[in-house]
Amino acid sequence: MLSTQQPILRRFWYPVMPATQLADGKPHAFTLLGEAIVLWQSAEGGVHCLKDRCCHRTAKLSLGFVEGDRIVCGYHGWTFEGGGACVRIPQLAADRAVPANYCVPAYRAALRYGYVWVALGEPLIDIPELPEAGRPGYRQVDQFYEVWKIGALRLMENSFDAAHIAYVHRGTFGNMRRPEVAAPEIEAHPYGLTMRVSSRVVVRDDEARHAVGAEGGETTRDMESVWFMPFVRRSRIRYPHGLEHVIITCATPIDDQQSMVVQWAYRNDTEADVSSADVIAFDREITLEDKLILESCEADVPLAVVDGEEMHMPTDRPGLAMRRALKALLEAHGETEQRLVRA
Ligand code: FES
Ligand SMILES: [Fe+2]
């Protein structure tokens, strides 16, 4: 599936930028689903998003500057309000109004969980509900915001693929001598699914012992993962002594070959128990193991599950359920899956 070619994917919310980045009062460029956008925050805190293309001579508005609640194009100073209307052309005589059709497409933008979320079309569903956000006793640790050369669906599938742990993560918490995985319980719901699985994992060194709070060389991870269509997952890992490590991983599609990986965690321990730096360092190592392999996979994931392009095994069930769900979504909205044309 080529995300940029499936208009229905424009009707979901995606986290595009940490809120802290936008707080500098400057315009920021991002590319979402192949569409160049510009974001800015007014002094009052409102977040705005427009197509990053001035309607005068197509200059990137992100090269301009913010004035109050508005963005000023850096080329000739045309000024746009958050709704996209051009409200000022400095060269126009004072008694001449700006024509009403001088405007730039505007998109929905919202701040949630410390990130700026954007929907390019009318959203089909709300921004995912994350129960641990703001819950007393839980803290948020922002982990990663970086571009990976992957199709977004590859990362979602990987996040629900228990079989890769023994091999991809053999250097951290995987155990190649125990490649078999318990059959996960999968529950489908509109616009997503929930998977529950319990597994024994290796706690290899002191760093890992510290991060997960385990004492011996192995521990049990009870995992509940929720997939929010199309590219957000929440994974709650519970260890026997009560520690909860909840990871939110988003693969925001920049285009069909690259995704912005946005990840943060919620934990029910304190900074004094395990510092944020240690939490990040532990997940950093694991995440780089995934990145290396995933960037070697073809970015364009086929939604058809039986045409022989890719072969499957029973542990692929969650990923296959995602492929079917996305295929059904496209069909429900009159779209067919778009693929890379192969030589
Ligand atoms: S191109 Fe933006 S004002 Fe001229
Ligand atoms: Fe992994």
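Which residue stands opposite Ser 198 in strand 14? In the predicted model described here, that residue is Asp 222. The pair belongs to the contact between strand 13 and strand 14 (residues 218-228), two antiparallel strands joined by eleven bridges.

The secondary structure of the protein chain consists of six helices and 17 strands. With a radius of gyration of 22 Å, close to the 20 Å given by the globule rule for 343 residues, the chain is as compact as a globular protein of that length. The C-alpha trace extends over about 80 × 50 × 30 Å along its principal axes. Buried residues make up 37% of the 343 residues. Among contacts with a separation of 6 or more, 57% are between residues 24 or more positions apart.

The domain assignment divides the chain into domain 1 (8-119) and domain 2 (139-331). A distance of 34 Å separates the C-alpha centres of domain 1 and domain 2. Contact between the two involves 13 residues of domain 1 and 13 residues of domain 2. On the side of domain 1 that touches domain 2, strand 1 and strand 2 each supply at least two residues. Strand 1 gives the most to this side, with four residues.

An open sheet is formed by six strands in the order 1-10-9-4-3-2, with antiparallel pairing. Strand 1 (14-18) and strand 2 (28-32) stand at its edges; each has a single partner strand, so one side of each is left without a neighbour in the sheet. From one strand to the next, the twist averages 35°. Within this order, strand 2 pairs with strand 3 (residues 35-41) in the antiparallel sense over five bridges, and the bridge partner of Phe 30 in strand 3 is Ile 37. Strand 2 and strand 3 form a hairpin with two residues between them, and Leu 33 in the turn has a positive phi of about 50°. Strand 4 (residues 47-51) and strand 9 (residues 106-112) are likewise antiparallel, paired over two bridges. Here Leu 50 has Ala 106 of strand 9 as its bridge partner.

A further hairpin is formed by strand 12 and strand 13, again with two residues between the strands. Tyr 191, in the turn of this hairpin, has a positive phi of about 60°. Strand 12 (residues 185-189) and strand 13 (residues 192-202) are antiparallel and paired over five bridges; Glu 185 stands opposite Arg 196 in strand 13. Strand 13 is also the strand that carries the eleven bridges to strand 14.

The largest nonpolar core comprises 74 residues, and those with the most contacts inside it are Leu 39, Val 116 and Val 118. Strand 17 (residues 259-267) provides the largest share of this core, six residues. Both domain 1 (8-119) and domain 2 (139-331) give residues to the core, so it lies between them. Nonpolar side chains tend to be buried together in soluble globular proteins. Apart from residues up to four places away in sequence, Val 118 touches Tyr 14, Val 16, Leu 32, Ile 37, Cys 49, Tyr 107, Arg 108 and Ala 109.

Helix 2 (residues 152-159) is mostly covered, with eight of its eight residues buried. The buried residues of helix 2 include Ala 152, Leu 153, Leu 155 and Met 156, and also Arg 154, Glu 157, Asn 158 and Ser 159. Their cover includes strand 14, strand 15 (232-238), strand 16 (244-253) and strand 17, together with helix 5 (276-294) and helix 6 (317-332).

Ile 247 is found in strand 16, one of the elements that cover the buried residues of helix 2. Leaving aside neighbours within four places in sequence, the contacts of Ile 247 are with Ser 235, Gln 263 and Ala 265. Ile 247 and Gln 143 are 104 residues apart along the chain, and their C-alpha atoms are separated by 9.4 Å.

How values were computed. Residues are numbered from 1 along each chain as its sequence is written. Chains are lettered from A and ligands numbered from 1 in the order in which they are written. This is a predicted model: local features need pLDDT of at least 70, side-chain atom pairs count only at pLDDT 80 or more; totals for chains, interfaces and linings use all residues. The radius of gyration is taken over C-alpha atoms; the globule rule is 2.2 Å times the number of residues to the power 0.38. A residue is buried if 20 or more other C-beta atoms lie within 10 Å of its own, exposed if 12 or fewer, and partly exposed in between; C-beta atoms are placed from the backbone. Two residues are in contact if their C-beta atoms, placed from the backbone, lie within 7 Å. A nonpolar core is a set of buried Ala, Val, Leu, Ile, Met, Phe, Trp, Tyr and Cys residues joined through C-beta atoms within 7 Å. Domain bounds come from an automatic or database domain assignment. Two strands pair if DSSP finds at least two bridges between them. Axes are lines fitted to C-alpha atoms, for helices over the stretch in contact, and angles run from 0 to 180 degrees between N-to-C directions.
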